[in-house]
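Please read it alongside the sequence and the model.

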Amino acid sequence: MKYIIATIALVMVLTSCNKKGQDFKLRSVTLLAHRPLQYQQELLRVKFLDGADSQKVIGITSGYPANLPLPATMMVDPSFKLKLYRQPCYVQLWGDSTGLIGTCKVNMDDYKIIFPMEMEVANSDMKVTLTGKWDQQ
């Protein structure tokens, strides 16, 4: 049994080393927490910005009413591909009345990715989990 577990672990480690040049396809984001808002009747959206051009929006979620309970899972439209190990991306939480609520940088040096995965990104203003999978080329 020890040898089977060791073999599976070895395969997972070798597989993770091959992800460096592949695209990651982000599918959804789960909003876990955010700072208290002035307006409870607004819609919250999560935007994704390109790491090289912080003004370029590469994905956005549908709106989620701020007065509903969290966590809230929202699909990313469009579901985009990103070479995560080459450059970071930024995750921003926006309210339709409040404006920008918080920004987090997704720095891939903080993560070791093997299979379809979830990454938790947080700061004092927001906490989200990004969910996706490696794109098969």
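A salt bridge is counted here when a side-chain nitrogen of Lys or Arg lies within 4 Å of a carboxyl oxygen of Asp or Glu. Under that definition K127 forms a salt bridge with E120, because the closest N and O atoms of the two are 3.6 Å apart. The model is predicted, and the structure holds 2 salt bridges.

**Salt bridges**

- Side chains of opposite charge can pair when their charged atoms come close.
- In the pair formed by K127 and E120, K127 is partly exposed, with a relative accessible area of 31%, and E120 likewise counts as partly exposed, at 43% relative accessibility.
- A salt bridge also joins the side chains of R35 and D125, with an N to O distance of 3.6 Å.

**Rings**

- The charged end of K47 sits over the ring of W94, at 4.4 Å from the centre of that ring.
- For pairs between aromatic rings, by contrast, the count comes to 0.

**Nonpolar surface patch**

- M1, I4, I5 and I8 form a nonpolar patch on the surface, and together these residues have about 450 Å² of accessible area.
- M1 has a relative accessible area of 71%, which is over the 50% cut-off, so M1 counts as exposed.

- T30 lies in strand 1, which runs over residues 24–34.
- Is T30 buried or exposed? With a relative accessible area of 13%, T30 falls under the 20% cut-off and is therefore buried.
- When its neighbours within four places in sequence are left aside, T30 is in contact with P71, A72, T73, K127, V128 and T129.
- One of these contacts of T30, K127, is the residue that forms the salt bridge with E120.

Methods. Residues are numbered from 1 along each chain as its sequence is written. This is a predicted model: local features need pLDDT of at least 70, side-chain atom pairs count only at pLDDT 80 or more; totals for chains, interfaces and linings use all residues. Side-chain values use heavy atoms; hydrogens and water are left out. Patches are made of residues with over 30% relative accessible area and no salt bridge: like charges are joined within 9 Å, nonpolar side chains (Val, Leu, Ile, Met, Phe, Trp, Tyr) within 5 Å. Accessible areas come from the Shrake-Rupley method with a 1.4 Å probe; for residues, only the protein chains shown count as cover. Buried means under 20% relative accessible area, exposed over 50%, partly exposed in between (1.4 Å probe, protein chains only). Helices (H or I, at least four residues) and strands (E, at least two) are DSSP runs, numbered from the N terminus. Contact means heavy atoms within 4.5 Å. Rings of Phe, Tyr and Trp (its six-membered ring) pair if their centres lie within 6.5 Å; planes under 30 degrees apart count as stacked, over 60 as edge-to-face and the rest as tilted. A charge sits over a ring if NZ of Lys or CZ of Arg is within 6 Å of the ring centre and within 35 degrees of the ring normal.
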